[in-house]
Amino acid sequence: EYLGRDPNVGYWRDMHLKIRGPAVLQLQQVFVEDWYYATGANLTQAEIFPRPAEDGPVKAQVVASGPARDREEMHWLMFAALNEARETIHLTTSYFVPPAALVSALEAAAYRGVRVRLMVAGKMTYRWTVLAGRSYYASLLDAGVEIYEYERGLLHSKTLTIDGHWSLVGTANVDARSLFLNFEVAVAIYDRRTAEQLEREFEKDVADARRILA
């Protein structure tokens, strides 16, 4: 999804979800908890929780992390997902300054024969974050990870697909600030059709990216 155009940036590339059904209540709970943490105001009145739509065919689960929870769910969920991969990993993130555990998981996946593809923001984002991310490229490339830097505009998507049937779409970048400090939320989706759609979008982005070979 392209969310506008800036003369200094170009296209703003992002990925959003429209969610219906019981998972909406999970998102509302995250909002209420974070609002209480920030303001002290209690928003648990029943009228702000409308009845969700009926269950659909897709299994989805909301995952949140941040100071209000004092836990690292997003980090460990990504770590577990990468370690479970057996065929393919497609990871898109606007900032890539990963914790050591995620670097090891990506490299280990590539070494055991998983096709690992990483899409990161290129020249249209903050230069120092690009340079910080590039410091990890050598060992990732040695392991066989495919790395692409998006060049059409500003890449803001944060998505992960595993083996063509499990996906994660949310707000967290693959960096320590997102995974250990910020309030972040994502939806884990157990659905082959969704994963395939995200992988098709990844392929489209490859056409607008530069592959890093060394």
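Predicted model: local features only at pLDDT ≥ 70, side-chain atom pairs only at ≥ 80, totals over all residues.
Biologist: How many residues does helix H3 have, and what should they span?

Modeller: Helix H3 runs over residues 100-111 and has 12 residues. At 1.5 Å a residue these should span 16 Å, and because the end C-alpha atoms are 16 Å apart, the two values agree.

Biologist: Which residues of H3 are buried?

Modeller: Leu102, Val103, Ala105, Leu106, Glu107, Ala109 and Ala110 are buried in H3. After the helix comes Gly113, with a positive phi near 100 degrees.

Biologist: Which residues touch the most other members of the largest nonpolar core?

Modeller: Ile89 and Leu160 do, in a core of 35 residues. At least two residues each come from helix H2 (73-84), strand S4 (88-93), H3, strand S6 (115-121), helix H5 (137-143), strand S9 (159-162), strand S10 (166-170) and strand S12 (184-190). H3 provides the largest share of this core, six residues. A separate core has eight residues, including Ala121, Tyr150, Phe202 and Ala209.

Biologist: What is Ile89 in contact with, leaving aside its neighbours within four places in sequence?

Modeller: The contacts of Ile89 are then Leu82, Ala109, Val114, Arg115, Val116, Arg117, Leu160, Thr161 and Ile162.

Biologist: How is empty space found?

Modeller: A probe the size of a water molecule is rolled over the atoms, and this shows where space is left empty. In the whole structure, the search finds four cavities of 30 Å³ or more. The largest cavity holds about 80 Å³ of space. Its lining has 13 residues, and Thr92, Thr159, Leu198, Glu201 and Phe202 are the ones nearest the centre. S4, S9 and helix H7 (192-206) each give two or more residues to this lining, with the largest share, five residues, coming from H7. By class, the lining has four nonpolar, five polar and four charged residues.

Biologist: What volume does the largest pocket have, and what lines it?

Modeller: The volume of the largest pocket is about 610 Å³. Its lining has 28 residues, with Lys18, Ile19, Val58, Ile189 and Thr194 nearest the centre. Two or more lining residues come from each of helix H1 (23-39), strand S3 (59-65), S12 and H7, and H7 gives the most, five residues. The lining divides into 13 nonpolar, six polar and nine charged residues.

Biologist: Which element gives the most to the lining of the second largest pocket?

Modeller: S12 does, with three residues. This pocket has about 250 Å³ of space, and among its 14 lining residues Met15, Leu17, Val169, Gly170 and Thr171 lie nearest its centre. Its lining has eight nonpolar, four polar and two charged residues.

Conventions. Residues numbered from 1 in each chain as written. Heavy atoms only, no water. Helix = DSSP H or I, 4+ residues; strand = E, 2+ residues; numbered from the N terminus. Expected span 1.5 Å × (residues − 1). Buried < 20%, exposed > 50% of the residue type's maximum accessible area, 1.4 Å probe, protein only. Core = buried A, V, L, I, M, F, W, Y, C linked by side-chain atoms within 4.5 Å. Contact = heavy atoms within 4.5 Å. 1 Å grid on protein atoms, 1.4 Å probe; cavity = no way out; pocket = protein on both sides within 12 Å on 5 of 7 lines; lining within 4 Å. Points joined across faces, edges and corners; volume = space filled by probe spheres on them. Nonpolar A, V, L, I, M, F, W, Y, C, P; charged D, E, K, R; others polar.
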